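Work through the exercises below with the sequence and the model side by side. Try each task before reading its solution.

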Amino acid sequence: LMFFTYILISLSTEKIYIGHTENLDRRLEEHNSLNRKSSYTNKRGPWKLIFKKEFETKSEASKFEAYLKSLKNKKYILEKFCDGIR
């Protein structure tokens, strides 16, 4: 079983969302469904996956998610991890 840290971008608002999961396809579907589990992604979609990184443990994925969130700079995150996608 592998774990992922991922970054999504809203195609309607250009906001980004950073998270981690063990099932990336299911989680992306949840972010884009009408029954969203995240209040942040609710009403901001549709969402597009722009970055993913695979980890062997949930702890590693969670720590990398926390690191990305600590950067607090969307432009830097997009340039460094997402090839400057906007």
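Predicted model: local features only at pLDDT ≥ 70, side-chain atom pairs only at ≥ 80, totals over all residues.

Residues are numbered from 1 along each chain as its sequence is written, and side-chain values use heavy atoms, with hydrogens and water left out.

**Exercise 1.** Find the strands that pair with β1, and state the sense of pairing.

*Solution.* Start with the terms. Strands are DSSP runs of E, at least two residues, numbered from the N terminus. Two strands pair if DSSP finds at least two bridges between them. Next, take β3: β1 pairs with it in the antiparallel sense over 8 bridges. Thr5 faces Lys53 there. Then take β2: its pairing with β1 is antiparallel too, over 6 bridges. Phe4 has Thr21 as its bridge partner. Finally, inspect the connection. β1 and β2 make a hairpin with 5 residues between them, and Glu14 in the turn has a positive phi of about 65°.

**Exercise 2.** Determine which residues of β1 are buried on each face.

*Solution.* Buried means under 20% relative accessible area (1.4 Å probe, protein chains only). In a regular strand, side chains alternate between the two sheet faces. One side of β1 holds Phe3, Thr5, Ile7 and Ile9, all buried. The other holds Phe4, Tyr6, Leu8 and Ser10, also buried.

**Exercise 3.** Locate the largest nonpolar core.

*Solution.* Such a core joins buried Ala, Val, Leu, Ile, Met, Phe, Trp, Tyr and Cys residues through side-chain atoms within 4.5 Å. The largest has 15 residues; Ile7 and Phe51 are among those with the most contacts inside it. Apart from it lies another core, of 6 residues, including Phe4 and Leu24.

Notes: Buried < 20%, exposed > 50% of the residue type's maximum accessible area, 1.4 Å probe, protein only. Helix = DSSP H or I, 4+ residues; strand = E, 2+ residues; numbered from the N terminus.
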